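Here is a short briefing on one protein chain. Look over the sequence and the model first, then read the points below.

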Amino acid sequence: MMEDHMYCNDLHESITHENKSEGKKDNECELLNRKVVAMIRKYIDQSLFEHVSTYTNVYELWTKL
C-alpha cells in the first residue's frame with residue numbers, strides 16, 4: 001500500500017534506483033530522498049520505527065523494510 005502511495009505521488013524513483021536519477025541535480029535528489037524517507041517513517045508502525053530511524057537513504061530504508 002505504501003508503494004502504491006509513492007507511485008501516485010511520483011516518489012517511486014527513490015525506491016527503485018539505488019543511485020540518483022539521471023538529469024536531476026544533487027540537491028533535487030537529496031530533497032526527494034528526504035521527502036520519501038519522511039513519508040515512510042510517517043506510515044510505519046511505532047514498533048518498526050526504532051529499527052529504521054537511523055536510515056537516511058530511502059533505497060536502503062526500503063530494502064530494509
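The chain has five helices and zero strands. The model is predicted. From the N terminus on, the elements read α-α-α-α-α.

**Whole chain**

- Of the 65 residues of the chain, 26% count as buried.
- The chain exposes about 4900 Å². Carbon and sulfur atoms supply 47% of that area.
- Take the contacts between residues at least 6 apart in sequence: 42% of them join residues at least 24 apart.

**Helix H3**

- H3 covers residues 26-43. Its 18 residues should span 26 Å at 1.5 Å a residue, and its end C-alpha atoms are 26 Å apart, so expectation and model agree.
- Which residues of H3 are buried? They are Cys29, Leu32, Asn33, Val36, Val37, Met39 and Ile40.
- Seen down the axis of H3, these buried residues fall within an arc of 160°, so they line one face of the helix.
- The face turned away from that buried side carries the exposed residues Asn27, Arg34 and Lys42.
- What covers the buried residues of H3? The cover includes H1, H2 and H5.

**Nonpolar core**

- In soluble globular proteins, nonpolar side chains tend to be buried together.
- The largest nonpolar core here has 13 residues. Met2, Met6, Leu11, Val36, Ile40 and Val58 touch the most other members.
- Helix H1 (2-8), helix H3 (26-43) and helix H5 (58-64) each supply at least two residues of this core.
- The largest share, five residues, comes from H3.
- Ile40 is on the list of buried residues in H3. Leaving aside neighbours within four places in sequence, Ile40 is in contact with Met2, Met6, Val58, Leu61, Trp62 and Leu65. Among these partners, Met2, Met6 and Val58 are also named with Ile40 as the core members that touch the most others.

- Asn33 is found in helix H3.
- Why does Asn33 count as buried? Its relative accessibility is 12%, and the cut-off for buried is under 20%.
- Leaving aside neighbours within four places in sequence, Asn33 is in contact with Ser14, Thr56, Asn57 and Val58. One of these, Val58, also belongs to the nonpolar core.

**The loop between H1 and H2**

- Asp10 lies in the loop between H1 and helix H2 (13-16). Asn9 lies in the loop between H1 and H2 as well.
- Is Asp10 buried or exposed? Asp10 is exposed, with a relative accessible area of 60%.
- Asn9 counts as partly exposed, at 41% relative accessibility.
- Asp10 and Leu32 are 22 residues apart in sequence. Their C-alpha atoms are 9.9 Å apart in space. Leu32 is one of the buried residues of H3.
- Asn9 and Val36 are 27 residues apart in sequence. Their C-alpha atoms are 10.0 Å apart. Val36 is also among the buried residues of H3.

**Helix H4: Ser47**

- Ser47 is found in helix H4, residues 46-52.
- At 47% relative accessibility, Ser47 counts as partly exposed.
- Which side chain does Ser47 join through a polar contact of 2.5 Å? The partner is the side chain of Asp45.

**Helix H5: Glu60**

- Glu60 is found in helix H5.
- At 43% relative accessibility, Glu60 counts as partly exposed.
- Glu60 and Ile15 are 45 residues apart along the chain. Their C-alpha atoms are separated by 8.4 Å.

Key:
Residues numbered from 1 in each chain as written. Predicted model: local features only at pLDDT ≥ 70, side-chain atom pairs only at ≥ 80, totals over all residues. Heavy atoms only, no water. Core = buried A, V, L, I, M, F, W, Y, C linked by side-chain atoms within 4.5 Å. Buried < 20%, exposed > 50% of the residue type's maximum accessible area, 1.4 Å probe, protein only. Helix = DSSP H or I, 4+ residues; strand = E, 2+ residues; numbered from the N terminus. Contact = heavy atoms within 4.5 Å. Polar contact = N/O pair within 3.5 Å; in protein donor to acceptor, adjacent residues only side chain to side chain. Areas by Shrake-Rupley, 256 points an atom, 1.4 Å probe, with all protein chains shown as cover. Expected span 1.5 Å × (residues − 1). Arc of directions from axis to C-beta.
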